[in-house]
Each structure stands twice: as structure tokens, then as C-alpha cells.
Amino acid sequence: MSVNIFLILGMGGMVGVLSGLFGVGGGFLMTPLLIFIGIPPAVSVATEANQIVASSVSGVLAHWRRASVDFKMGMVLLVGGVAGSTFGVWLFTILRGMGQIDLVIKISYVAFLGIIGGLMFIESARAMVRSKRKTPAKRHHHTWMHGLPFKMRFRRSRLYVSALLPLAIGVVVGVLAAIMGVGGGFVMVPAMIYILGMPTAVVVGTSLFQIIFVTANVTVLQAVNNQTVDILLAMLLMIGGVIGAQIGARAGAKLKSEQLRILLALMVIGVCAKLAYDLVSMPQDLFSLGGLAAH
Amino acid sequence: MVLAAASQASAKELVVDLSKSVVAITTSFSGSELLLFGATEGKGDVIVVVRGPLRNEIIRRKEKIAGIWVNQEEMVFEQVPSFYAVASNRPMDEFLSSKIRSTYQIGIDYLDLNLSEEYRAASGAENFRRALIRNKQKQGLYGRKPGDVIFLGNRLFRSQLIFPANVAVGSYGVDVFLVRDGAVTSVETTLLTVRKFGFEASVFNFAHRNSLAYGIFAVLIAAFAGWLAGAIFRKA
């Protein structure tokens with residue numbers, strides 16, 4: 001496939017910076033961008049999973065040095081994640097055989113980007129309007145989730161909570177990783193903060209830790225089952241991505257984030273709108289060749 | 001390299017050769033051109049047909065469901081040529097009847113595109129058949145109009161065979177027909193191979209033959225790249 005090398009490096013770098021700034025894998029932006037420039041959705045998803053391994057390793061190492069990773073929590077999350085992503089790749093393969101994988105990927109993106117973009121926009125708009133306030137102390141009220149069995153002690157997060165919760169979160173994130181080519185951080189980070197009640201400082205590093213293993217699993221399974229991982233494309237993305245992530249992680253400590261967040265929200269909404277438009281507008285040719293021949 | 005059975009000692013009516021018999025796809029492959037040339041014994045019309053490796057193809061049709069365009073109906077065509085090109089020295093309708101063209105499958109409209117077993121009874125097959133041809137033409141793999149066979153004098157002829165960048169790997173059959181008085185008096189067949197060479201070929205083979213190793217390798221490269229970036233930036 002002939003794509004411009006500099007375009008790929010640039011895209012990788014830009015998304016990398018964003019991922020370093022906001023602690024998410026960047027996949028939910030990269031995969032749709034890859035689809036836009038003409039790479040088949042199935043290949044975009046699998047190859048992006050490969051690239052996310054690299055940027056997540058880069059990010060985790062940076063967080064590890066600051067002791068902001070809860071490895072025990074990460075392990076529980078990743079057990080769920082590996083199970084979820086294995087199921088996800090199996091589902092992916094079936095949908096591909098039915099000729100419906102492109103549609104499912106696009107619909108999932110429209111749904112998720114729409115929700116995330118909308119929430120981000122509202123949240124960052126509010127943050128810009130509101131004057132700076134210290135966040136109130138976390139009130140620890142008991143919900144039905146505190147009654148679940150298999151409780152475990154997570155020292156780094158100072159939590160005593162049922163292991164079933166992180167397992168379930170891990171499974172959901174794993175399925176998303178397989179079908180959408182994302183790390184799942186944009187689901188995991190809010191889930192860790194609001195459902196598990198983890199301290200914000202540890203959330204990003206732990207989430208990246210889990211993402212490494214889930215996306216590695218997806219990469220291997222996609223390569224074996226569907227041969228949709230393009231190593232050469234992934235390497236180009238990685239170069240831009242890991243450099244960008246390091247820049248972003250450092251910049252995140254210094255920059256004023258509200259304005260950046262609104263821009264990011266707008267970008268996410270824009271990508272979502274374009275994908276949605278493609279789904280509802282009449283295609284140029286109602287008939288299309290299936291992917292039986294590949295070379 | 002002529003692969004014709006030279007069973008008789010008598011002079012052949014038609015001889016054919018190619019400028020090269022292998023099309024090598026390397027990393028920067030953007031298409032290839034070959035020269036086909038030959039000679040006829042006496043006057044006649046010449047038609048060249050190039051057929052690529054046969055494979056099954058699925059055609060899917062979209063319908064609007066709940067506002068979204070979704071792939072609904074599909075049909076599978078068996079053993080369809082992945083590439084098809086035809087060339088002649090003058091418009092074929094002038095010297096060859098439809099019946100003969102059907103027999104030898106000369107021309108896109110006369111190609112036998114067979115549906116696989118389970119779809120044969122389905123209606124609307126004609127639309128799918130035309131869609132298959134249309135999509136292949138859009139990919140540049142089925143010619144939109146016949147090419148030229150140029151005669152130099154009465155006996156020597158040549159034709160430029162053009163292969164786009166996305167041709168499939170495999171064995172291609174080149175058939176050359178000599179037509180006199182509305183009948184095919186001679187057919188010569190030559191084989192052509194399209195193969196991948198070089199780095200990208202190795203990567204492709206690696207991905208398809210040793211998928212597990214390839215996948216693990218991809219992950220290891222990624223992990224290393226992540227670590228390397230961290231190490232470099234720590235020093236900076």
C-alpha cells in the first residue's frame with residue numbers, strides 16, 4: 001500500500017503528544033484517522049493495537065519512575081483484559097467473515113467518539129467557565145458495589161475492594177481493544193476514578209500498564225487469526241507515537257490544560273461526525289468486492 | 001519463450017513471444033509493461049487475451065437499514081480471473097461472431113463468471129455479475145476497453161501488455177488467437193509469472209506463514225521501541 005511516510009510519522013507524533021498529555025492510548029483517535037486516509041478498517045484496528053503497545057510501554061516507564069503505578073490492581077485488570085480481548089478478536093474474525101466488520105467498527109466509533117467527545121466538551125467548557133477551586137475531599141459512601149465478594153487489598157491505591165470490579169472493567173476494555181483498536185484508557189480511567197475510587201495520581205500509570213498486555217494480546221491474536229497487523233505501518237506510527245508521548249507527558253505537567261481539552265473535544269467530535277456521515281450517505285457503488293483476494 | 005507444442009515439422013501459422021516472462025514486484029512496484037510480439041503466416045486478424053490467476057470472489061450489496069448503509073445480500077463467483085485484458089488489431093465485432101467469442105470467452109462481456117452452487121437459483125445475479133466487472137474495472141484489474149495489436153507490415157505484430165500496481169501474484173495465461181474468415185484458425189498460449197521479490201515479500205510471507213512468530217515479533221518490537229524512547233529521553 002502506498003501511503004506518504006511523512007504523513008504517517010506526523011499523525012503518529014500528533015496523537016502521541018495527545019496521549020502523553022491525557023494519559024490515554026491515543027488509539028481512539030489514531031484508528032479513525034488511519035481509516036480516513038484509506039487503510040482498510042480491519043488493518044487499521046490490528047496495526048494500531050500494535051502501536052499502542054509501544055506508546056504504553058513508553059508511558060508506563062515514565063510513570064513507574066514516579067511510583068505512580070499500582071501493579072497489583074493492574075494485574076487484576078489485565079486478567080480481565082486478556083480474557084475480554086481474546087473474546088473480542090474471536091468476535092472480530094466472525095464479523096469479518098460475515099462482511100460486517102467495517103460497519104461494526106464504524107458504528108462503535110461513532111457511538112464512543114460521540115459520547116466521549118460530548119462529555120469532554122461539556123467538562124472542559126465547564127472547567128473554563130468555573131474559577132479554579134480545590135476539588136472537595138472524596139466522600140466515601142457505600143454502594144452495592146461494596147458488597148461484592150472476593151475482596152482484595154490494593155496497597156498502592158489504598159483500597160479494599162472486590163476483585164470482580166476491576167476484572168469486569170478489564171473485560172469490557174479488552175473487548176473494545178480488539179474490535180476498535182484502542183487501548184481502552186478512555187473507559188478505564190473514568191471507571192477507575194468513579195467506580196473503583198482509585199486516587200487520580202495512580203490511575204494513568206496503572207491504566208497504561210494494563211493496556212500494554214491487552215494490546216499485546218490483541219496484536220498477536222489478530223496476526224494469527226486475520227493477518228491484519230502491518231508491522232511496517234506500525235513501526236512508522238511507533239516512531240512518531242513514542243516520541244510524541246514523551247513530549248506530551250512532560251508538557252502535561254506544565255501546560256494549561258483547559259484550552260487543550262476543548263480542542264481535543266472538538267477534534268473528537270469532528271472525527272465522529274465524519275464517520276457518521278459516511279455511514280448514512282449513499283455510497284458511490286452499492287456493490288463492493290469482499291476481501292477474498294489479498295496480496 | 002514459446003510454449004507451443006511443435007508436433008509437426010511444417011511451418012507454423014502463428015508464433016508468439018514475450019519480452020520477459022516474469023513480472024517482479026519489488027518494494028516500489030508501480031506497475032509493469034511487457035511487450036508481446038509475433039508473426040503470422042499470411043494475412044489474418046490477431047487477438048490477445050491475458051487472464052490472471054483464478055480465484056473466488058464475493059460481491060456484497062448494501063441496503064439502507066435504520067438510516068445506515070449495511071452490507072446485506074452477497075453472491076460468490078467461483079474461479080474468476082483476478083486480471084483480464086484483451087487486445088486486437090481492429091474492433092472484434094468486425095470480424096468475429098458473438099458465438100465464437102462466447103466459445104473462447106474473448107472479451108469481458110463474454111467471460112463466464114460462474115456463481116457458486118448455493119447462489120445459482122437466486123434472482124438478480126445479473127446485477128451482481130455486472131457489479132463484479134465494474135468493481136474489477138475500478139481497481140484497474142479488468143480493462144475498460146480493448147487494447148491494440150499493431151501490425152508492422154502483413155505478418156509481424158506487437159502488443160503492449162500493461163499490468164497495474166495491484167496485480168495478484170501467480171500464473172497468468174496469455175492466449176493469442178489468429179482469426180481468418182470469422183473462424184479461429186490458430187491459438188498460441190504463453191505463460192507469464194508475477195512474483196514478489198525483496199523485503200516486502202519477505203515481510204508478507206512472514207506474516208502469512210509464521211503468523212504467531214510474526215505477532216510476537218510485532219509486540220517485542222513495540223515494547224523495545226517504547227523502552228528505547230524512554231531511555232533516550234531520560235538522557236536528554
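Student: What is the bridge partner of V22(B) in β13(B)?

Tutor: The partner is T193(B). The model is predicted: local features need pLDDT of at least 70, side-chain atom pairs count only at pLDDT 80 or more, and totals for chains, interfaces and linings use all residues. Residues are numbered from 1 along each chain as its sequence is written, while chains are lettered from A and ligands numbered from 1 in the order in which they are written.

Student: Why are β2(B) and β13(B) called paired?

Tutor: Strands, DSSP runs of E with at least two residues, numbered from the N terminus, pair if DSSP finds at least two bridges between them. Four bridges join β2(B) to β13(B), residues 183-196, so they pair, and they run parallel.

Student: What makes β2 and β9 of chain B edge strands?

Tutor: The open sheet of chain B has the order β2-β13-β12-β4-β7-β9, with mixed pairing. β2 (22-25) and β9 (147-148) each have a single partner strand, so one side of each lacks a neighbour in the sheet.

Student: How many residues of chain B are in contact with chain A?

Tutor: 40 residues of chain B are in contact with 41 residues of chain A, where contact means C-beta atoms, placed from the backbone, within 7 Å. The largest share of chain B's side, 16 residues, comes from α4(B), a helix (a DSSP run of H or I, at least four residues).

Technical notes. Two residues are in contact if their C-beta atoms, placed from the backbone, lie within 7 Å.
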